[in-house]
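Hello,

Here is the structure I promised to pass on to you. Please have a look at it first, and then read my notes below.

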Amino acid sequence: MAERMIADRELLLARLRRLAASIDSRSSLGRRVRARLASEQGDHAAILAVVREATAAGDSGTRAAALRLAHHHLLGPGCPRRAQLRRGLSTELVAESARTGRDTDLLRGLLCQAVDLFVDGDHRAERGLAELRTVLDRRPDPEISGAVRAIEVMLSIRAGRLDRAEADAGDRYARATALGHDDAASVYWAQVAAVRWYQGRVAELLPPLAGSVHDPSLTTAGIGPYAMLALAAAAAGDRLAAESALASLTSRDTPRSGWWLASMFVVAEAAFRLGDAETCARVHEILAPYADQPALAGPAVVCFGSTRHASGLAALGSGDVDGAATHLRLAVQDNLALRHWPALIRSRTRYAQALARRCHPDDDALAQRQLLAAREEAAVLALPLDLRAEIPAGDGFPVTCRREGQRWLFRFGGRDVRVPSSAGMPHLAVLLADPARDIAAADLAAGVDALRTADRDGLEPGARERVRHAVSKAIRRAIASIARVDAELGRHLTATVRTGTHCSYRP
């Protein structure tokens, strides 16, 4: 089946309605047509009605087809009862294959079972996929092989093998297009978007997404392309485009399809980057019932890890720092269990950011440990440099320092940086010890004792200007010497230390 455009879908619906009206609805063909029509219309109750009718009539072929369609419509997030019903349908489909005797029904049933395990975050998911591969080796099926390849791309992303995932996604797209699969473009875009995000290169998607987001062949991805467009625009600094995309996503309720949860995960990231507290609060509320579920898209073709990460980010963006820290701590645990290493690294860094903003006792030490763990994990996995460069975000992580003989020890981003002493180091130490406070250059020049007394600035204008110039120059030279030892810390201090008549450190 070729990729279906919107007009094609309407024509298909019209043909199915005419066909349903022209044949006996109680016949095997009539039941199949009604099941297909209900599927195209998104009427899950009507599909289940066909399942019951086919069961009563002993029509195994129709029952198997209707079970598969019903399972597909339950892939979206929902209550435990919905998940239980979905798992029951896949089990029935496997059992039904024994009655139909068709390899395709068995393979589709095993595929549905494997997808269920991934959707539920079950540790047996890869075992289920391995069982499907074993049967598929004996009974080849191009359609099922394409679905398995898509899941394997998702697993490569979770394992941090991003280059391999992108190559395999392209290969899968070429094969799926040749076979006429209607999800070829949607799956490819979603997987490449995930790769770019974990590479720290999501902004690169803005031009192609802006040109293709309205492509009717992407209809199977639901709101996914619009959500990724919002994130890409936010990352690229195109605030207007990002806000426009977010407004189109949050202005109305959208169906809870199999792509919905992953899309809302991306919406949370975009809203946080924009500093949109109102949207963050709304997303946090929307995601609350699904926090314990993995953020999967489609039939397990993309996974963004724990939904708690998105809930935590939305809480952080709305000002609920305590709630954010709780969600993100659990997201770290969830992503460890999922073995989703890129998501784990991101959850660790966002958890550290929440801790740094919360400022409870021991939060700074815990934040530094999370950052250090994220660094080590990225290095072990040989993840791209762009991803590792995102880890030690300056936002919320103040620098601390102390003197060690003729050297100064700076602590930043989970690591120690030792720098030779210089004239500006004591001035810098005073600023770092009191973030966000404006301190007169004359007081810095007079020394620490001067800061303990009231107004001492009795300098003449000319002398005051010379002091300002000398202190500013000494601080800038100190930061330059730090940058020669640790470029990243140097960049952070350059961006956050202000000099002049009054000086300050504002992380």
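Predicted model: local features only at pLDDT ≥ 70, side-chain atom pairs only at ≥ 80, totals over all residues.

A term to start with: a residue is called buried when its relative accessible area is under 20%, exposed when that area is over 50%, and partly exposed in between, using a 1.4 Å probe and protein chains only. At 0% relative accessibility, Ala-331 therefore counts as buried. This residue lies in helix 17 (residues 321-338); helices (H or I, at least four residues) and strands (E, at least two) are DSSP runs, numbered from the N terminus. Setting aside neighbours within four places in sequence, Ala-331 is in contact (heavy atoms within 4.5 Å) with Ser-306, Arg-308, His-309 and Ser-347.

Residues are numbered from 1 along each chain as its sequence is written, and side-chain values use heavy atoms, with hydrogens and water left out.

On confidence: pLDDT is the predictor's confidence in each residue, from 0 to 100. The protein has a mean pLDDT of 86, with 90% of its residues at 70 or more. Confidence is highest in strand 2, at 97, and lowest in helix 20 (residues 385-389), at a mean of 43. Over residues 385-395 the pLDDT stays under 50, and the model has 25 contacts beyond four places in sequence for them. Residues 448-455 are also below 50, with 6 contacts beyond near neighbours in sequence.

Next, the aromatic rings. Rings of Phe, Tyr and Trp (its six-membered ring) pair if their centres lie within 6.5 Å; planes under 30 degrees apart count as stacked, over 60 as edge-to-face and the rest as tilted. The structure holds 6 such pairs. In one of them, the rings of Trp-197 and Phe-304 have centres 5.2 Å apart and planes at 70°, so this pair is edge-to-face. Trp-197 sits in helix 10 (residues 184-198) and Phe-304 in strand 2 (residues 302-306), so the pair ties together parts 107 residues apart in sequence. Both Trp-197 and Phe-304 are buried. Phe-265 and Phe-304 have ring centres 5.6 Å apart and planes at 15°, so they are stacked. Here too distant parts of the chain are linked, with Phe-265 in helix 14 (residues 260-274), 39 residues from Phe-304. Together, Trp-197, Tyr-198, Phe-265 and Phe-304 form one aromatic cluster.

Strand 3 and strand 4 (residues 407-412) pair over 5 bridges, and Cys-401 has Phe-410 in strand 4 as its bridge partner.

Finally, Arg-172 is in helix 9 (residues 162-179). Arg-172 is buried, with a relative accessible area of 4%.

Happy exploring!

Note on methods
Pairing = 2+ DSSP bridges.
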